[in-house]
Each structure stands twice: as C-alpha cells, then as structure tokens.
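Subject: Structure handover and findings

Hi,

Here is the structure you will be working with.

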Amino acid sequence: MIKVLVIDDEKPTLSMFRLFLAAYGYDVFTAQSGLEGLELFKAHRPDIVFTDIKMPGMDGLTVLRKIKALGTSSQIIVITGHGDLEKAMEALDLDASDFINKPVDRQALDAALSRAEKRRQLPVSMPFNISRKGTDPDLIFILSGRFTSRNLDQLSGQITQIGINNQTVTLEIDDNFSINRSGISGLIRAIEQMRKQNTHVVLNNVSCNFSRLFKMVGMDKLADIHEARAGD
C-alpha cells in the first residue's frame, strides 16, 4: 500500500485529505506541524508527501529542504495559497514534485497524485533530455528529466537543426519531466525563438497544476497548452 503523509496546521485540511486519500486506498499519516511531519517522515518513509507552505515554526519549504537532504525518492507536493506564484516557484527551485493551490480541488489533487505515482517508479534526478518522436510531417519532441536555463541551448539546438519554419512543433512533457524558475524562463525564450520562425508550438501532456502555472506566467499566449487526460 502506498503511504502518504500530509502536513498542515489546519485540522479541516487534514480531515479533507484523510477522507479523500483513505477512500483512494492510501495508507495516510497526518501531522499538524513541520517538525511533527519530519519525525513522521523519518519513522514511516512515506512514498508521497503533501506539505503546506505557510505553517507556524517550521514552514513547508524548510520541510521540503530537510526531506530532500535525506536523499529520499519520496515525491513531495507543496500546498500553496491561491495564485501564490512566488511560493510555487520557490518550491520548484527546491525540486518539489508538484504543487497544488488552496482551496484544494479534486482535479488538482488527482493530477498531483497521478503524477507522483508515476514519478516514484522512475529514476531520481535524471538529467534533461530531448528526443524526437515520429517522423515528418509530425514534429514531436519528448522532454524528460530536469530542465533549467542551462539546457536552453540543448533544447533550441535540437529543434532548430532540422528546420521548423512554418510548421507545428509539439513539446510532449514526459512523466519524469521537472522544471524550476530559470527553466520556465528558458522554455519561454525557446518558444519565443520558434515563434519568430512562424512556428506553431504545442505543449502536450501538461498536468493541470503545471498548466495553471504556465498560464500564470503567460505561456498560453505563446503556445497551445494541452493538459494530460485523467488516467493517462
């Protein structure tokens, strides 16, 4: 049975998570503080962790740092305030697996759980890779591993070397793809470069939570964003 730890200082939030997660068949642990959550993590080594960002004492970002320092493969999902772009970015910089906003809705929760379950079976900290899928006229590239601004030349070079003027390019997000703040800026620059060549860009298989983030930074003005379907 997959073990899930939820850390939040609000009892109603913990009750909601326990209700949903238990119904889904998870073994659920809850903690009302970062310190208690860290102790429960060390004792039970859960597969998936949800942690609120804003808590008295040890906040969620500190919890994230401390769990990552243990060298675990557990998937850590942070819970942020509605529209709190800065906190979401900070969490991604610390290699959080995903994030969801309060108030938590079922679609966002289901998307985060689905992504976490897939990622926990994959190698940890894979370097960024871009690979071609299919042949002309379909220009589809699969993005996997961790993408940062350092990978911009790799992404742009792989795509532009085959010539993409007046075509549609699909960037398909693999299950183990992750991105940080600088990576988001780099991805925007890469898409802008493609648009200068009259290229239509599609981002495919994007989780609903990352879709919301990409839209918050204006990426939907540059590319079509297709969300991953439930169960994919």
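This is a predicted model: local features need pLDDT of at least 70, side-chain atom pairs count only at pLDDT 80 or more; totals for chains, interfaces and linings use all residues.

Residues are numbered from 1 along each chain as its sequence is written, and side-chain values use heavy atoms, with hydrogens and water left out.

**Domains**

The chain splits into domain 1 (3–121) and domain 2 (129–227). These bounds come from an automatic or database domain assignment. The C-alpha centres of the two domains lie 27 Å apart. In the interface, 20 residues of domain 1 are in contact with 18 residues of domain 2; contact means heavy atoms within 4.5 Å. The two domains bury about 1,700 Å² between them, with 54% of it on carbon and sulfur atoms. Buried area here is the accessible area (1.4 Å probe) that two parts lose on being put together, summed over both. On the domain 1 side, Met-89, Leu-92 and Arg-115 lose the most area to domain 2. Together they give 28% of what that side buries.

**The annotated aspartate**

UniProt places "modified residue: 4-aspartylphosphate" at Asp-52, in an unreviewed entry. UniProt positions are given in the numbering used here, feature names are shortened, and annotations may be inferred rather than shown by experiment. Asp-52 lies in strand β3. Helices (H or I, at least four residues) and strands (E, at least two) are DSSP runs, numbered from the N terminus. Is Asp-52 buried or exposed? Asp-52 is buried, at a relative accessible area of 6%. The classes are buried under 20% relative accessible area, exposed over 50%, and partly exposed in between (1.4 Å probe, protein chains only). Leaving aside neighbours within four places in sequence, Asp-52 is in contact with Ile-7, Asp-8, Asp-9, Gly-60, Ile-79 and Lys-102.

**Backbone**

Most residues other than glycine have a negative phi, and most peptide bonds are trans. Some places to check follow. A cis peptide bond joins Lys-102 and Pro-103, with omega about -10°. Pro-103 sits in the loop between β5 (98–101) and α5 (106–119). Arg-45 has a positive phi, near 45°. Arg-45 is in the loop between α2 (34–44) and β3 (48–52), and is partly exposed at 42%. Asn-205 also has a positive phi, near 65°. Asn-205 belongs to strand β11 (residues 200–206) and is partly exposed at 21%.

**Aromatic rings**

The structure holds 4 aromatic pairs. Rings of Phe, Tyr and Trp (its six-membered ring) pair if their centres lie within 6.5 Å; planes under 30 degrees apart count as stacked, over 60 as edge-to-face and the rest as tilted. One of the pairs is Phe-128 with Phe-147: centres 4.9 Å apart, planes at 65°, so edge-to-face. This pair links distant parts of the chain, 19 residues apart. Phe-128 is in the loop between α5 and β6 (129–133), and Phe-147 is in strand β8 (residues 146–147). Phe-128 is buried at 7%, and Phe-147 is buried at 1%.

Phe-210 and Phe-214 also pair edge-to-face, with centres 6.2 Å apart and planes at 65°. Both lie in helix α8 (residues 208–216), 4 residues apart, about one turn of the helix. Phe-210 is buried at 7%, and Phe-214 is buried at 2%. Phe-99, Phe-210 and Phe-214 form one aromatic cluster.

Best wishes
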